[in-house]
Amino acid sequence: MMPSDLISLLRPGSHQPSVIGTLGPPGTSSEVAAKRYAVQMSEPDGPRVDIRLYDTYEEAGEALRAGEVTHIVVANAYKAVFQFYMDPAVDLAGVFVMDTPLYGIAKRRGSGPVPDVPVISSHPSPEPIIAQLLPERHETFKVIHEDSTSAAARAVVDGSADLALTTLPAAQLHGLEFISRTRPIRMVWSVFGGASVRAHQNKNTKEKAPCFS
């Protein structure tokens, strides 16, 4: 991971986040990204920014529209991220670049040999790196999709998958061990606020704008 793994491209002005929603459960890359953003945007002596985790990005979006969170963090690699950009009820509040935690292919610690044709659980977005990481002896495999990398790790514990493409935090949380090399994914993350955030910013801009007669 490079030292400059977190780069702020846009800042949400004077409207600071107080509750950030993102994809859960604990152990996801999104949770790590939300915590990084919360630290970056918090005032040194300001109130603590809470993180709330949801089963899907869509549920986090619903929480934003309902006013249960002030911002949501969404990975730009998510195939349906466009719905947040197009939604008139939300507004882009910030963008940053962050390396994900290490990704790898993991099995349950202490389990027996991996089948020649394993079932691998994965979130759909990082699925292409399975072929990059999977040991060469597994020329054929089956992928089942889960809502998050942490849910993918849990599928191995539940017995519905032999292996998981997951992150280091999720592997540690669920008692998995990597059978492959690991690598981060350099990714862009978008931060969305409610439409009231834009109204707040526009109001501040108008108040500060000079008046000409």
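Biologist: How many salt bridges does a search of the whole structure find?

Modeller: The model is a predicted one. Side chains of opposite charge can pair when their charged atoms come close. A search of the whole structure for such pairs gives a total of 5 salt bridges.

Biologist: Which parts of the chain hold the two partners of the salt bridge between R65 and D87?

Modeller: The side chains of R65 and D87 meet with N and O atoms at 2.7 Å. The pair links distant parts of the chain, 22 residues apart. R65 belongs to helix α2, and D87 to the loop between α3 and β5.

Biologist: Is D87 buried or exposed?

Modeller: A residue is called buried when its relative accessible area is under 20%. The relative accessible area of D87 is 15%.

Biologist: How many residues apart in sequence are the parts tied together by D99 and R186?

Modeller: D99 and R186 form a salt bridge through their side chains, at 2.6 Å from N to O. D99 is in strand β5, while R186 is in strand β11, which covers residues 186-194. The pair therefore ties together parts of the chain whose separation in sequence is 87 residues.

Biologist: Where does D116, the partner of R137, lie?

Modeller: R137 and D116 form a salt bridge in which the closest N and O atoms are 3.0 Å apart. R137 is in the loop between α4 (130-133) and β8 (142-145). D116 is exposed, with a relative accessible area of 54%. Its place is the loop between β6 (103-108) and β7 (119-122).

Biologist: Within what arc do the buried residues of helix α2 fall?

Modeller: Helix α2 spans residues 57-65, and its buried residues are Y57, A60, G61, A63 and L64. Seen down the helix axis, these buried residues line one face of α2, because they fall within an arc of 160 degrees.

Biologist: Which residue just after α2 takes a positive phi?

Modeller: Helix α2 covers residues 57-65. Just after this helix, a phi of about 80 degrees is found, and the residue that takes it is G67.

Biologist: Which helix supplies the largest share of the nonpolar patch?

Modeller: The patch on the surface is formed by F82, Y85, M86 and L92, with about 420 Å² of accessible area together. One of its members, M86, is exposed, with a relative accessible area of 64%. The largest share of the patch, 3 residues, comes from helix α3.

Biologist: Which backbone oxygen does the side chain of T167 reach?

Modeller: T167 is part of strand β9, residues 163-167. Its relative accessibility is 0%, so T167 counts as buried. Leaving aside residues up to four places away in sequence, T167 touches several residues, among them G27, P101 and F178. At 2.8 Å, its side chain reaches the backbone oxygen of G27.

Biologist: What is the omega of the cis peptide bond between G24 and P25?

Modeller: P25 is in the loop between β2 (19-23) and α1 (29-41). The bond joining G24 to P25 is cis, with an omega of about 0 degrees.

Biologist: What share of the residues of the protein chain counts as buried?

Modeller: The secondary structure of the chain comes to 7 helices and 11 strands. The chain exposes about 10800 Å², of which carbon and sulfur atoms supply 54%. Among its 213 residues, the share that counts as buried is 45%.

Key: Residues numbered from 1 in each chain as written. Predicted model: local features only at pLDDT ≥ 70, side-chain atom pairs only at ≥ 80, totals over all residues. Heavy atoms only, no water. Patch = residues over 30% accessible without salt bridge, like charges linked within 9 Å, V, L, I, M, F, W, Y side chains within 5 Å. Areas by Shrake-Rupley, 256 points an atom, 1.4 Å probe, with all protein chains shown as cover. Salt bridge = Lys/Arg side-chain N within 4 Å of Asp/Glu carboxyl O. Helix = DSSP H or I, 4+ residues; strand = E, 2+ residues; numbered from the N terminus. Buried < 20%, exposed > 50% of the residue type's maximum accessible area, 1.4 Å probe, protein only. Arc of directions from axis to C-beta. Contact = heavy atoms within 4.5 Å. Polar contact = N/O pair within 3.5 Å; in protein donor to acceptor, adjacent residues only side chain to side chain.
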